[in-house]
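User: Hey, I've got a model open and I'd like to walk through it with you. Can we start with some single residues and then move on to bigger pieces?

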Amino acid sequence: MEQVMGLPVSVLARGSQARSVAADKAVQAVYAELRELDRIFSPYKPDSAVSRLANGGLGWDDVDPIVREVAERCEQARDLTGGLFDADTPAGTWDPSGLVKGWAAERASRQLADVSGLDWCLNAGGDVVVFCPSGEPFVVGIQDPRDPGRVVTTIACTAGAVATSGTAARGAHLYDPRTGGSAASNWLSITVTGPSLESADILATAAFVAGDDWPRAVSALPRYDGLGVLADGTLRATEGWPRTGEAR
């Protein structure tokens, strides 16, 4: 496990190639790619493209193509969610962090997919992407936002992603682009499952901002489902949410 992008990032590998040189190189390549993407996109590093755009030290005409790619993805996410997700902050700066984590983790995980026959699960601060060519699933726990040491349920994943948005880890850090103020919700967390970690992370953020209308936000893309947790522990799931032990 390494601390990258301000998050604990771990890779769990399984199968005959799990201890191979190829698997070890792939894991190291994952961390290297995440460190490089953090160098470019971190709003906390003064020399990152994001920070330099914010302070006027860099203009959009001068950014690297990968920054333009992420900016386009952020615009697509805003359109997809009807404005519930927006990288343009109330302060007038551009902060793609809500997209970059899922996008970066999914992008870096391709290094693992190049190792034939390897089952793997990449966990980036509780958001996971999984691929199991063996067909044997990894069991992913959905954290109880009231108690980080507990889970409210588990799902078995053979491929795809699980992303959670809420207040448990970082408090009330999300804002509502519709009002410019903090996102106010009766829900402590919304977890989204689906094929892509980038998309699941975007939809989880949008769903949390949407409040009680969060299932509609999750339904913006097919093959994505959600689970919400209220302050009293009540769970609400969309129709396609996998039952405990059901592989996706």
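User: Is Trp-241 buried or exposed?
Analyst: Trp-241 is buried, with a relative accessible area of 10%. Buried here means under 20% relative accessible area, exposed means over 50%, and partly exposed is in between (1.4 Å probe, protein chains only). Before we go on: this is a predicted model, where local features need pLDDT of at least 70 and side-chain atom pairs count only at pLDDT 80 or more, while totals for chains, interfaces and linings use all residues. Residues are numbered from 1 along each chain as its sequence is written, and side-chain values use heavy atoms, with hydrogens and water left out.

User: Thanks. Where is Trp-241 found?
Analyst: Trp-241 is in the segment after strand S10 (235-237). Helices (H or I, at least four residues) and strands (E, at least two) are DSSP runs, numbered from the N terminus.

User: OK, aromatics next. How many aromatic pairs does the structure hold?
Analyst: There are four aromatic pairs. Rings of Phe, Tyr and Trp (its six-membered ring) pair if their centres lie within 6.5 Å; planes under 30 degrees apart count as stacked, over 60 as edge-to-face and the rest as tilted.

User: What kind of pair do Phe-41 and Trp-103 make?
Analyst: Edge-to-face, because the planes are at 85°, with the ring centres 5.7 Å apart. Phe-41 lies in helix H1 (residues 21-41) and Trp-103 in helix H4 (residues 97-113), so the pair ties together parts that are 62 residues apart in sequence. Phe-41 is buried at a relative accessible area of 3%, and Trp-103 counts as buried at 3% relative accessibility.

User: And what about Trp-187 and Trp-214, what kind of pair is that?
Analyst: Edge-to-face: the ring centres of Trp-187 and Trp-214 are 5.8 Å apart, with the planes at 75°. This pair links distant parts of the chain, with Trp-187 in strand S8 (residues 187-194) and Trp-214 in helix H6 (residues 214-218), 27 residues apart. Trp-187 is buried at 5% relative accessibility, and Trp-214 is buried at 0%.

User: Which ring does the charged end of Arg-14 sit over?
Analyst: The ring of Phe-138, with the charged end 4.1 Å from the ring centre. The cut-off for that: NZ of Lys or CZ of Arg within 6 Å of the ring centre and within 35 degrees of the ring normal.

User: Back to H1. How many residues does H1 have, and what reach does that give?
Analyst: H1 has 21 residues and reaches 30 Å from its first C-alpha to its last, close to the 30 Å expected at 1.5 Å a residue. That expected span is 1.5 Å times one less than the number of residues. Its buried residues include Ala-23, Val-30, Leu-34 and Phe-41.

User: What covers the buried residues of H1?
Analyst: The cover includes strand S1 (2-4), strand S2 (7-14), helix H2 (49-55), helix H3 (65-80), H4 and strand S3 (119-124). Contact means heavy atoms within 4.5 Å.

User: Switching to strands. How many residues of S7 are buried?
Analyst: Six of the eight residues of strand S7 (residues 159-166) are buried, so S7 is largely enclosed by the rest of the structure.

User: In what sense do S4 and S7 pair?
Analyst: Strand S4 (residues 127-131) and S7 pair in the antiparallel sense over four bridges, and Val-130 stands opposite Gly-160 in S7. S7 and S8 are antiparallel too, over six bridges, and the bridge partner of Val-162 in S8 is Thr-193. Two strands pair if DSSP finds at least two bridges between them.

User: Last topic: how many salt bridges does the structure hold?
Analyst: The structure holds 13 salt bridges. The rule is a side-chain nitrogen of Lys or Arg within 4 Å of a carboxyl oxygen of Asp or Glu. One of them joins Arg-35 and Glu-2 (2.8 Å, N to O). Arg-35 lies in helix H1 and Glu-2 in strand S1, so that pair ties together parts 33 residues apart in sequence.

User: Which residues are linked in a network of salt bridges?
Analyst: Glu-69, Arg-73 and Glu-198 are. In the bridge between Glu-198 and Arg-73, the closest N and O atoms are 2.8 Å apart. Glu-198 lies in helix H5 and Arg-73 in helix H3, so the pair ties together parts that are 125 residues apart in sequence. Glu-198 counts as buried at 11% relative accessibility, whereas Arg-73 is partly exposed at 26%.
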